Amino acid sequence: MISPIRWNGEAVAVELLDQTQLPVKEVWLTLTSPNEMAEAIEMLRVRGAPAIGIAAAYGVVLALRAATSAPHETAIRAIDFLGHTRPTAVNLSWSLARMRAVVTACGAPDQSRLREALLSEARAIEAEDRAAGRKLGEYGLSLLRDGMTVLTHCHTGGVATSGYGTALAPFILGAQVGVQLSAYVDETRPLLQGSRITAWELAKAGVEATLITDSMAGHVMRDKRVDAIIVGADRIAANGDVANKIGTYALAVLARVHTIPFYVSAPLSTLDLAMPSGGDIVIEERAADEITHGFGRQTAPVGISVYNPAFDITPAEYVSAIITECGVVRPPYAQTLQELA
């Protein structure tokens, strides 16, 4: 179990595992301001919806690191600023809404008291996510059996959360309790979170894993090498539509064709009942050079038009079940998700 975010109370700073350096180097950054935290979120030094929410919460605490005559206003500015870093993952707005509620509840403009209240809330968000990750692992294992081979996409492990992960939680917990799962790991283009981070984390957990490119997934399914597919989510709409890393939708369609169960594993903080369907979710579009100059090397002609959405929408009808820390939810999602919430 790997936690990517550490609060350093002595230095009043956040120590962050730089995911852009994995798997070659394990580099820890020391962040001391909301600006540094915003840069880390935007540049994917911290990524994964739960980890983004936790990091942003601690980023608000960093706003009160230095003495200020207007602590409430300073905290609100940090909340607004951090809220614009990435638009798709609902955990960001969810955790910042909790931090905003703390600011509102602290009436007297006392910088020290407000900072302690915000720090307590950030720690609570982190602790709740870690407990949820354990439960996601337990409920995920209830759908899987010892010896199964499961395909996963992008990275949804400990460093995308506070320790156990979401879609990787059954693999990580399974290794701890003696349930052996093997994995096919999608490379996950264009930033290779699967090959850089998922493969690295599963190796650390002692899970047998085979790396494939995204375009190989259909072939692997056709050859009956996959028993189930499990992915994470950045936002789940009220009707069960799922926003997740680009390429997820294609996997769901392929899973339907090959009659393979397609599971989504995500904490309740990812559920957005105010979002009627996936069509209402804002999809972040990333910079063109992530594709034309992947990892610093030009791989496309100058001037080529680029479309680079970071996420896609998987319709609820393609989702076999949604795994949460409160149980496994099945269709009809418009009803069952509402009941769960």
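Predicted model: local features only at pLDDT ≥ 70, side-chain atom pairs only at ≥ 80, totals over all residues.
Student: Which residues are closest to the centre of the largest pocket?

Tutor: Of the 16 lining residues, Met 43, Leu 44, Leu 191, Arg 286 and Glu 290 are the closest to its centre. Helix H7 (193–205) and helix H10 (289–292) are the elements that give two or more residues to this lining. Helices are DSSP runs of H or I with at least four residues, strands are runs of E with at least two, and both are numbered from the N terminus.

Student: How does that lining divide into nonpolar, polar and charged?

Tutor: Five nonpolar, five polar and six charged. Asp, Glu, Lys and Arg count as charged; Ala, Val, Leu, Ile, Met, Phe, Trp, Tyr, Cys and Pro as nonpolar; the others, Gly among them, as polar.

Student: And the second largest pocket, what lines it?

Tutor: That pocket has a volume of about 160 Å³. Its lining has 15 residues, with Trp 94, Glu 128, Asp 129, Pro 267 and Ser 269 nearest the centre. By class there are eight nonpolar, four polar and three charged residues.

Student: Switching to cavities. How many are there of 30 Å³ or more?

Tutor: Five. A cavity is a set of grid points where a 1.4 Å probe fits but cannot get out. The largest cavity is about 190 Å³, and its lining has 20 residues, of which Arg 47, Gly 48, Ala 49, His 155 and Asp 234 lie nearest the centre.

Student: Which element gives the most to that lining?

Tutor: H2 does, with three residues. The lining divides into eight nonpolar, eight polar and four charged residues.

Student: What about the second largest cavity?

Tutor: Its volume is about 80 Å³. Of its 14 lining residues, Pro 190, Leu 191, Lys 245, Glu 290 and Ala 310 are the closest to the centre.

Student: Pro 190, what's going on with the peptide bond there?

Tutor: The bond joining Arg 189 and Pro 190 is cis, with omega about 5 degrees. Pro 190 sits in the loop between strand S5 (182–186) and H7. Pro 331 to Pro 332 is also a cis bond, with omega near 5 degrees.

Student: Which residues other than glycine have a positive phi?

Tutor: Among them are Cys 154, with phi about 60 degrees, and Leu 192, with phi near 60 degrees. As background, most residues other than glycine have a negative phi, and most peptide bonds are trans. Leu 192 lies in the loop between S5 and H7.

Student: Is Cys 154 buried or exposed, and why?

Tutor: Cys 154 counts as buried because its relative accessibility is 6%. The cut-offs, with a 1.4 Å probe and protein chains only, are under 20% relative accessible area for buried, over 50% for exposed, and partly exposed in between.

Student: Now the sheet. What's the strand order?

Tutor: It's an open sheet of four strands, S11-S8-S9-S12, with mixed pairing. Two strands pair if DSSP finds at least two bridges between them. S11 (271–272) and S12 (311–314) are the edge strands, each pairing on one side only.

Student: Last one: what does the side chain of Ser 265 reach?

Tutor: The backbone oxygen of Thr 166, at 3.0 Å. Ser 265 is found in strand S10 (residues 262–265), and Ser 265 counts as buried because its relative accessibility is 0%.

How values were computed: Residues numbered from 1 in each chain as written. Heavy atoms only, no water. 1 Å grid on protein atoms, 1.4 Å probe; cavity = no way out; pocket = protein on both sides within 12 Å on 5 of 7 lines; lining within 4 Å. Points joined across faces, edges and corners; volume = space filled by probe spheres on them. Polar contact = N/O pair within 3.5 Å; in protein donor to acceptor, adjacent residues only side chain to side chain.
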